[in-house]
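This report describes the fold, the nonpolar cores and selected secondary-structure elements of a single protein model. The sequence and structure are shown first.

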Amino acid sequence: MKNNTVIQRKNPENVKEMEGTEACEFERLPSDTDKTLIEELLRNDVSLSRVCDLFRDRINDKHITKIAREIVTTASSSEEVQNSSGAGNEICLVSADNRSLSTPFTAVASLPRLGTEILNRSISATHDATFMKAHATNFTKEAPEELLDPLFFTIMNDPVVLSSGYVVDRGTILDVNGSLRFSLCPFTRAPLKAEVYPLICRKRMLKDYRERMLGNMIKTARRLLEERCFGEFKEIMSTAELFIDDLGKSTYTRLSAQLAKISLEAHTIEDNCCSLLPEDLAKIYIRIYCGSPYFHDYSPNNAKEESTV
């Protein structure tokens, strides 16, 4: 006898409609074990989207995003305490339910990226004052220790290694003529040789860190502008402008131009507090032009060729 039972297949497009019925499995809360693993993945620089993929069909994305928001908020709250080892920029976190987050958050640039990913996934996050304050604070935190000049505690531009083995910024150890500023190493008191050696790998790390920080600031500013959160938008833009001023607009012209475009877009919105003065508008148009492909492709030879056409 034939079985006339018809098996109805679930249409993935209708999963949202089935929430609360067959789809209730995706609404289950993460266990303590799941929470611990999610926290460890996020704190070790695994992207939020990748973590959501790893728990697909087991835990709803909104629960993972909630855990991520807790990490960002807690890292900048009064519950933040320095790791007892005192190594580098390690941060020992305590979750909202008083569970110790065992793995330290060593990648300082990861916090701004995580906050930016949350903003792209959660509309409510842009209107969460506690989260936004924490996210903005994470942009102003000190850079990773290996990127700081050990004498002045500022971000290095051109790291070099001394004969004593210490790494400092080229401008710290050499004057404008390329001569040593110090005869002895400030850290070991050992006599210094005249030669210093560039660290290409460390310089690449510096470039990646700066571009990553600026990129996350730009994404955050754009998201806040879309949600018309003008107060938070101005704060992020101010932080980004200070950051790029320290680096030099001529060094990061593309990112500087992106910031300028966002400022111009905010200026054109009616009934907001982001209007610009004429002189500021002129500077913005110059930055946008300097970041355009035409400006970078332009050369005196190209100009002569164009004039003969």
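## Basis of the model

The model is predicted: local features need pLDDT of at least 70, side-chain atom pairs count only at pLDDT 80 or more, and totals for chains, interfaces and linings use all residues. Residues are numbered from 1 along each chain as its sequence is written, and side-chain values use heavy atoms, with hydrogens and water left out.

## Overall composition

The protein chain contains 13 helices and 6 strands, taken as DSSP runs numbered from the N terminus (helices H or I, at least four residues; strands E, at least two). Of its 309 residues, 39% are buried, where buried means under 20% relative accessible area, exposed over 50%, and partly exposed in between (1.4 Å probe, protein chains only).

The protein chain exposes about 18,100 Å², of which carbon and sulfur atoms supply 53%; these areas come from the Shrake-Rupley method with a 1.4 Å probe. Among contacts (heavy atoms within 4.5 Å) with a separation of 6 or more, 59% join residues 24 or more positions apart.

## Nonpolar cores

A nonpolar core is a set of buried Ala, Val, Leu, Ile, Met, Phe, Trp, Tyr and Cys residues joined through side-chain atoms within 4.5 Å. The largest one has 55 residues, and those touching the most other members are Ile38, Leu42, Leu48, Ile64, Leu114, Ile118 and Phe233. Elements giving two or more residues to this core include helix 1 (32-43), helix 4 (110-121) and helix 9 (230-247). Helix 8 gives the most, with 9 residues.

A second, separate core of 8 residues includes Val168, Leu174, Cys185 and Leu192. Beyond its neighbours within four places in sequence, leucine 48 is in contact with residues including Leu42, Ile64, Leu114 and Ile118.

## Helix 1

Helix 1 has 12 residues and reaches 16 Å from its first C-alpha to its last, close to the 16 Å expected, a span defined as 1.5 Å times one less than the number of residues. Its buried residues are Asp34, Ile38, Glu39, Leu41, Leu42 and Arg43. Aspartate 45, which follows helix 1, has a positive phi near 75°.

An open sheet of 3 strands has the order 5-4-6 with antiparallel pairing; two strands pair if DSSP finds at least two bridges between them. Strand 5 (167-169) and strand 6 (197-198) stand at the edges, each with a single partner strand, so one side of each lacks a neighbour in the sheet.

Strand 4 (residues 159-161) is joined to strand 5 by 3 bridges, and proline 159 stands opposite aspartate 169 in strand 5.
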